[in-house]
Amino acid sequence: MTRTDRLRLRHLRLLDAVEVSGSLSRAAAQLGLSQPAATKILREVETVVGAALYERLPRGVRLTPAGHAVVERLRIGLVALDRALGSGKAAPRRRLSVGALPVVTVDLLPQAIAGLMREGIDFDIEVTEGTVPSMLADLRSRQIDCFIGRVDAATLRDPTLGDLFATPLLTEGLSFATSRRHPLARRRSVSLADIVGESWVLAPLPSFTRVFVDQHFINHGLERPRPVIESLSFHTNLQIVGRTDLVTVAPFSAIAHYSRLGLVQRLRVDREPVATPLLFLAHRETMALRSLQQFAAALQAAVGEIRTG
């Protein structure tokens, strides 16, 4: 018998409720327990863990550092359990939750999903877009099954993310764009110094793109661009740029798409930001899911199509 065999679901729920409410009596009431029964349950958890998990205060209780650490991990398990039970009774089809940066939705993700649909799949896909920090938080808490985006090496070493499976996909660079009417659009060559003083529409901090671009200008001894409009969606930003005299930065694929529509012009800047790879990330234990394996294979197939196309 392992230590976890001695725990029941009410042990986990009670510890979570104590952390949220800061009161043993309120936590017990939420779960329909008497306070003596709740105290007994918490002592059983402490015996299994081998550490004190909470301490009494003049008014209420609070978790010890060990208690907070245990609750953080328990919540991951509770979320996974709730999702497993919910998927079993809500529908016969499984659901794969995919987190993605907006850049992924231009070519890579649509092509991967198209490939899956051609093959025929027996699971549903839920796509959530967001910033790198928000998507990593969702991956950490198991709110999403995988994430497609840019992540640096230091982040991959973050122990709170757990043991991650990471594989590179495409190298997607960033470039600068204006409307086709903008004076800079007619120039053969543009320097960073030429554009830094322009009016900008940029993603807000702390998005990866904004931090990356700010650092790029600083590395070349220039001030950071000052946006007059901030929007996380580069689709929105390119639409705005196409109808104004603003400047923006966006992925190559997105600029190429809107350029084909006659909306924007990619600037020929002499020192563009270095391209960074897009990664596929998932917890190693989650890679046992057949749906996730199929999705990862479809992504790789889409990468091949994009490179040869």
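A cavity here is a set of points on a 1 Å grid over the protein atoms alone, where a 1.4 Å probe fits but cannot get out. Grid points are joined across faces, edges and corners, and a volume is the space filled by probe spheres set on the points.

This is a predicted model, in which local features need pLDDT of at least 70 and side-chain atom pairs count only at pLDDT 80 or more, while totals for chains, interfaces and linings use all residues. Residues are numbered from 1 along each chain as its sequence is written, and side-chain values use heavy atoms, with hydrogens and water left out.

**Stop 1**

Select P102, A203, T209, L232 and F234. Of the 19 residues lining the largest cavity, these are the closest to its centre. Lining residues have an atom within 4 Å of a point. The space inside is about 220 Å³.

Now colour α9 (208-219), α10 (234-242) and β10 (248-251). Each supplies at least two residues of the lining. Strand β10 gives the largest share, 3 residues. Helices (H or I, at least four residues) and strands (E, at least two) are DSSP runs, numbered from the N terminus.

What classes of residue make up the lining of the largest cavity? The lining has 12 nonpolar, 6 polar and 1 charged residues. Ala, Val, Leu, Ile, Met, Phe, Trp, Tyr, Cys and Pro count as nonpolar, Asp, Glu, Lys and Arg as charged, and the others, Gly among them, as polar.

**Stop 2: the nonpolar cores**

Select V104, L108, F147, I148, L238, F280 and F295. These have the most contacts inside the largest nonpolar core, which has 51 residues. Such a core is a set of buried Ala, Val, Leu, Ile, Met, Phe, Trp, Tyr and Cys residues joined through side-chain atoms within 4.5 Å. Buried means under 20% relative accessible area, exposed over 50%, and partly exposed in between (1.4 Å probe, protein chains only).

Show helix α12 (residues 290-308). This helix gives the most to the core, with 7 residues.

Zoom in on V104. Leaving out residues up to four places away in sequence, V104 touches L109, P110, I148 and L278. Contact means heavy atoms within 4.5 Å.

Then move to A17, L53, V61 and L63. They are among the members of a second, separate core of 17 residues. In soluble globular proteins, nonpolar side chains tend to be buried together.

**Stop 3: the aromatic pairs**

The structure holds 5 aromatic pairs. Rings of Phe, Tyr and Trp (its six-membered ring) pair if their centres lie within 6.5 Å; planes under 30 degrees apart count as stacked, over 60 as edge-to-face and the rest as tilted.

Select F165 and F280. This pair is edge-to-face, 6.2 Å centre to centre with 75° between the planes. F165 sits in strand β6 (residues 164-172) and F280 in strand β12 (residues 276-283), 115 residues apart. F165 counts as partly exposed, because its relative accessibility is 27%. F280 counts as buried, at 1%.

Next, select W200 and F217. They too form an edge-to-face pair, at 6.0 Å centre to centre and 90° between the planes. W200 lies in strand β8 (residues 200-202) and F217 in helix α9, 17 residues apart. W200 is buried, with a relative accessible area of 0%. F217 is buried as well, at 0% relative accessibility.

**Stop 4: backbone details**

Where does P206 lie? P206 is in the loop between β8 and α9. A cis peptide bond joins L205 and P206, with omega about 5°.

Go on to R142, in the loop between α6 (132-140) and β5 (146-149). Phi of R142 is near 65°, a positive value in a residue other than glycine. R142 counts as buried, because its relative accessibility is 16%.

**Stop 5: R290**

Select R290, found in helix α12. R290 is partly exposed, with a relative accessible area of 44%. Its contacts, leaving aside neighbours within four places in sequence, are R94 and D122. Now find F123: R290 and F123 are 167 residues apart in sequence and 9.9 Å apart in space, C-alpha to C-alpha.

**Last view: the whole chain**

Zoom out. The chain has 12 helices and 12 strands. Of its 309 residues, 43% count as buried. Among contacts between residues at least 6 apart in sequence, 73% join residues at least 24 apart.

Technical notes:
1 Å grid on protein atoms, 1.4 Å probe; cavity = no way out; pocket = protein on both sides within 12 Å on 5 of 7 lines; lining within 4 Å.
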